[in-house]
Amino acid sequence: MSFESDLKKLEELTEKLRDENTGLEESLKIYEEATLLTKRLNKTLEETKRKIEEVSKDGIITSREE
């Protein structure tokens, strides 16, 4: 899956969790899936950040810690 499709899926899962008609068992499954997606999204963002910093090392753009 792509970053964008993972993000869209996470948004859909979040909406299901907010739905008061979602039962406890289903909520737990949704939460587990959302947690895995969040980890994958964060990993992708960190990898992308490292790539940008590496590419920018010798260029005009420099990395700044915030």
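Me: How exposed is Arg 40?
Reply: Arg 40 is partly exposed, at 41% relative accessible area. Bear in mind that this is a predicted model.

Me: Which residue does Arg 40 pair with in a salt bridge?
Reply: Its partner is Asp 6. The closest N and O atoms are 2.9 Å apart.

Me: What does that pair tie together?
Reply: Parts that are 34 residues apart in sequence, because Asp 6 lies in helix H1 and Arg 40 in helix H2. H1 covers residues 3-18, and H2 covers residues 24-56.

Me: And Asp 6, buried or exposed?
Reply: Buried. Its relative accessibility is 3%. The cut-off for buried is under 20%, so Asp 6 qualifies.

Me: How many salt bridges turn up in the whole structure?
Reply: The search finds 3. Besides Asp 6 with Arg 40, there is Lys 8 with Glu 12, and Arg 18 with Glu 15.

Me: What's the N to O distance for Lys 8 and Glu 12?
Reply: It is 3.9 Å. The cut-off for a salt bridge is within 4 Å, so the pair counts.

Me: Where do those two sit?
Reply: Both lie in helix H1. They are 4 residues apart, about one turn of the helix.

Me: How accessible are they?
Reply: Lys 8 is exposed, with a relative accessible area of 52%. Glu 12 is partly exposed, at 38%.

Me: Now Arg 18 and Glu 15. How far apart are the closest N and O atoms?
Reply: They are 3.3 Å apart. Both residues are in H1, 3 residues apart, which is again about one turn of the helix. Arg 18 is exposed, at 62% relative accessible area.

Me: Zooming out. How many helices and strands are there?
Reply: The protein has 2 helices and 0 strands.

Me: What fraction of the residues is buried?
Reply: Buried residues make up 15% of the 66 residues.

Me: And the accessible surface of the protein?
Reply: About 6,000 Å². Carbon and sulfur atoms account for 53% of that.

Me: Back to H1. What span should its 16 residues have?
Reply: They should span 22 Å, at 1.5 Å a residue. The end C-alpha atoms are 23 Å apart, which agrees.

Me: Which residues of H1 are buried?
Reply: Asp 6, Leu 10 and Leu 13. They cover an arc of only 65° around the axis, so they are on the same side of H1.

Me: What covers them?
Reply: The cover includes H2.

Me: Which exposed residues are on the face turned away from that buried side?
Reply: Glu 4, Lys 8 and Arg 18. Two of those names came up with the salt bridges: Lys 8 pairs with Glu 12, and Arg 18 pairs with Glu 15.

Me: Core next. Which residues make up the largest nonpolar core?
Reply: It has 6 residues: Leu 10, Leu 13, Ile 30, Ala 34, Leu 37 and Leu 41. H1 and H2 each give two or more residues to this core.

Me: Which helix gives the largest share?
Reply: H2 does, with 4 residues.

Me: Why would such side chains gather at all?
Reply: In soluble globular proteins, nonpolar side chains tend to be buried together.

Me: Take Ile 30. What is it in contact with, leaving aside neighbours within four places in sequence?
Reply: Leu 13, Lys 16, Leu 17 and Thr 22. Of these, Leu 13 is also a core residue.

Me: How far is the C-alpha atom of Ile 30 from that of Glu 12?
Reply: The separation is 9.8 Å. Along the chain, those two residues are 18 residues apart.

Me: Last one, Ser 27. Which helix is it in?
Reply: Ser 27 is found in H2.

Me: Buried or exposed?
Reply: Ser 27 is buried, with a relative accessible area of 18%. The limit is under 20%.

Me: What does Ser 27 touch, not counting residues up to four places away?
Reply: Leu 17 and Thr 22. Ile 30 is in contact with both of those residues too.

Me: And how far is Ser 27 from Leu 13, C-alpha to C-alpha?
Reply: Those atoms are separated by 9.2 Å. The residues are 14 residues apart along the chain.

Conventions
Residues are numbered from 1 along each chain as its sequence is written. This is a predicted model: local features need pLDDT of at least 70, side-chain atom pairs count only at pLDDT 80 or more; totals for chains, interfaces and linings use all residues. Side-chain values use heavy atoms; hydrogens and water are left out. A salt bridge is a side-chain nitrogen of Lys or Arg within 4 Å of a carboxyl oxygen of Asp or Glu. Buried means under 20% relative accessible area, exposed over 50%, partly exposed in between (1.4 Å probe, protein chains only). Contact means heavy atoms within 4.5 Å. Accessible areas come from the Shrake-Rupley method with a 1.4 Å probe; for residues, only the protein chains shown count as cover. The expected span of a helix is 1.5 Å times one less than its number of residues. The arc is that of the directions from the helix axis to the C-beta atoms. A nonpolar core is a set of buried Ala, Val, Leu, Ile, Met, Phe, Trp, Tyr and Cys residues joined through side-chain atoms within 4.5 Å.
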